[in-house]
Structure formats: C-alpha cells, structure tokens
Amino acid sequence: MDKERKLIIAGNWKMNKTVAEGLDLVNGLKRELAAVKEVDIIVCPPYTALSEVSKAILDSNIRLGAQTMSEHQNGAYTGEIAAGMLKEFSVRYVILGHSERRQYQKESDALIAAKAVAAHAAALKPIVCVGELLEERESGRTEAVIASQLEGSLKGLTRAQVEETIIAYEPVWAIGTGKVASPQQAQDVHAFIRSRLTALYDEAISRRVRIQYGGSVKASNARELMQQPDVDGALVGGAALEIRSFSDIIKNSI
Ligand code: PEP
C-alpha cells in the first residue's frame with residue numbers, strides 16, 4: 001500500500017441485527033476476511049449485540065465499535081451508556097455525531113466534543129462524523145459547514161487526542177440514498193479537512209489523522225474512493241449488513 005496511513009473500514013449496523021443475526025454476520029466476515037492485514041476492520045453493532053459479538057471476534061482481525069455513548073461517566077442518565085461500560089466488552093472505537101444523531105437526537109458540536117473527551121478519557125477512539133446537507137452544498141456552504149463542525153466537535157481535545165481521533169466525512173445527501181460523492185468530491189473535502197487540521201493544530205497532526213468517507217459506499221465504488229490520496233477508509237452503513245457486500249468492499253479497497 002502506498003499510503004502512509006493504514007486504511008480503516010467500519011460497518012455501522014445502526015438499529016439492525018438481533019444477536020443471532022449479528023453473530024451470523026461476524027462469523028461470515030471472520031471466514032471471508034481472515035487473511036486481511038492491510039485494513040483495520042471494525043464492526044459497530046447495536047448495544048444489545050456487543051457482548052456476544054465481542055466474544056465471537058476475540059480470535060480475529062475484526063475490532064469492535066459502538067454507535068454512540070454518553071458524555072457522562074455514570075449517574076442519573078436513564079437510557080444512556082457510558083464509555084466505561086463499553087470497555088467491558090472490549091469496544092475500542094465509538095462513532096460520535098453521526099448525522100442521524102445530529103438530526104434526530106439534536107446532538108450539537110459541543111455535545112459531540114464532550115463525548116469525544118469522555119471517549120478519550122476511557123481510551124476509546126472516537127470516529128467523529130461531519131457532513132453537509134444537500135442545500136448547504138448547493139448554496140456553496142460545504143467548506144464553512146465542515147470547518148465549523150470540525151472545530152466545534154474537537155473542542156477540548158489535546159493535540160495527542162486529536163491525533164488519535166478518526167474523522168468521518170459523511171455528506172448527509174449521500175447517506176442511505178444511493179447517491180455517492182464522486183471520488184473527486186470526496187477527495188476535495190478530505191483535503192479541506194486536512195488543511196483545517198493543519199490550521200487548528202499542525203501539519204504533523206493533520207498528516208496522521210485518518211479520515212474516512214461515508215455515504216453509499218459499495219463494493220463497486222470502494223476502490224476508486226479509497227485510492228484518493230486523502231481518503232483513508234470508509235464508514236459503511238447499508239452495505240455493512242451483509243457478509244458479501246462488506247467483505248467485497250474491504251477486498252476491493254486493498
Ligand atoms: C452511514 O450510516 O454512516 C452510512 C454512510 O450509510 P450508507 O453507507 O448506507 O450510506
């Protein structure tokens with residue numbers, strides 16, 4: 001691989017898969033992907049499947065992520081799950097600020113930043129999502145929106161923590177719609193994110209941060225997207241729900 005950053009491909013199962021269905025999926029992925037060393041592979045099941053999936057992937061090259069978490073460590077927050085609880089299941093990554101949570105749970109940049117601080121405090125790697133709406137792109141505001149989400153969602157992190165944070169660029173108009181950003185559109189925003197990281201921190205940090213693209217990634221478009229110089233991986237939704245489509249994305253990305 002000629003990129004200095006190793007590819008990282010994560011599957012976001014969202015609110016899908018019972019425990020039994022999740023086990024079928026990861027057992028199939030284990031069989032298909034046992035030989036893969038070039039990509040960090042992550043699955044992000046719903047909370048209810050974390051325990052069993054965690055056990056099933058123990059002896060594999062697949063790592064575990066969660067889809068969100070609380071900014072608090074413990075206490076009277078009914079329905080919430082803390083970073084320390086995720087650690088009990090060997091969770092290593094956590095998606096924060098997915099556009100569905102920004103939209104339906106009204107998560108703000110400040111809240112996402114507080115969650116990222118809590119994730120790092122528990123040695124979990126956050127995958128912080130940013131992305132513009134269709135009308136924001138069409139009115140020429142993509143860069144302004146991304147810059148503001150990026151700065152706001154990383155506030156309070158140390159430089160060392162920023163370096164260990166993964167950014168997912170997920171244009172909202174491309175999530176679950178079948179409309180994928182062109183490789184050039186993805187590359188342009190990824191390069192912009194890297195330039196903002198240089199401005200906010202420094203070039204060494206911006207070079208090391210991994211930036212995933214998300215939005216209708218499939219086996220047929222993964223290769224070209226992953227070849228872009230600033231695209232370091234993918235956050236996959238729909239196509240992460242089946243053994244064949246997710247493993248083909250990974251194989252085609254190598
Ligand atoms: C996502 O859920 O983050 C996502 C990118 O979904 P999809 O791949 O289905 O567009």
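**Pocket lining, nonpolar cores and cysteines**

By class, seven nonpolar, six polar and three charged residues make up the lining of the largest pocket. The structure is a predicted model. The volume of this largest pocket is about 400 Å³. Among the 16 residues that line the largest pocket, Lys14, Met15, Gln67, Thr68 and Arg101 are the closest to its centre. Two helices, H2 (47-56) and H4 (99-104), each supply at least two residues of the lining. The largest share, three residues, comes from H4.

The description now turns to the interior. In soluble globular proteins, nonpolar side chains tend to be buried together. Here the largest nonpolar core has 65 residues, and those with the most contacts inside it are Val43, Met69, Leu154, Ile193, Tyr213, Val236 and Phe246. Helix H9 (residues 183-200) provides the largest share of this core, five residues. A second, separate core has eleven residues, including Ile8, Cys44, Tyr93 and Ile95.

When its neighbours within four places in sequence are left aside, methionine 69 is in contact with Tyr47, Ile81, Ala83, Leu86, Val94, Leu96, Lys115, Ala118, Ala119 and Leu124.

A search of the whole structure finds zero disulfides. For cysteine 44, the nearest cysteine sulfur is that of cysteine 129, 9.5 Å away, whereas a disulfide requires sulfur atoms within 2.5 Å. Cysteine 129 is likewise in no disulfide, and its nearest cysteine sulfur is that of cysteine 44. Cysteine 44 is buried, with a relative accessible area of 0%; cysteine 129 also counts as buried, at 1% relative accessibility.

How values were computed: Residues are numbered from 1 along each chain as its sequence is written. This is a predicted model: local features need pLDDT of at least 70, side-chain atom pairs count only at pLDDT 80 or more; totals for chains, interfaces and linings use all residues. Side-chain values use heavy atoms; hydrogens and water are left out. On a 1 Å grid over the protein atoms alone, a cavity is a set of points where a 1.4 Å probe fits but cannot get out, and a pocket is an open set with protein on both sides within 12 Å along at least five of seven lines; lining residues have an atom within 4 Å of a point. Grid points are joined across faces, edges and corners, and a volume is the space filled by probe spheres set on the points. Helices (H or I, at least four residues) and strands (E, at least two) are DSSP runs, numbered from the N terminus. Ala, Val, Leu, Ile, Met, Phe, Trp, Tyr, Cys and Pro count as nonpolar, Asp, Glu, Lys and Arg as charged, and the others, Gly among them, as polar. A nonpolar core is a set of buried Ala, Val, Leu, Ile, Met, Phe, Trp, Tyr and Cys residues joined through side-chain atoms within 4.5 Å. Buried means under 20% relative accessible area, exposed over 50%, partly exposed in between (1.4 Å probe, protein chains only). Contact means heavy atoms within 4.5 Å.
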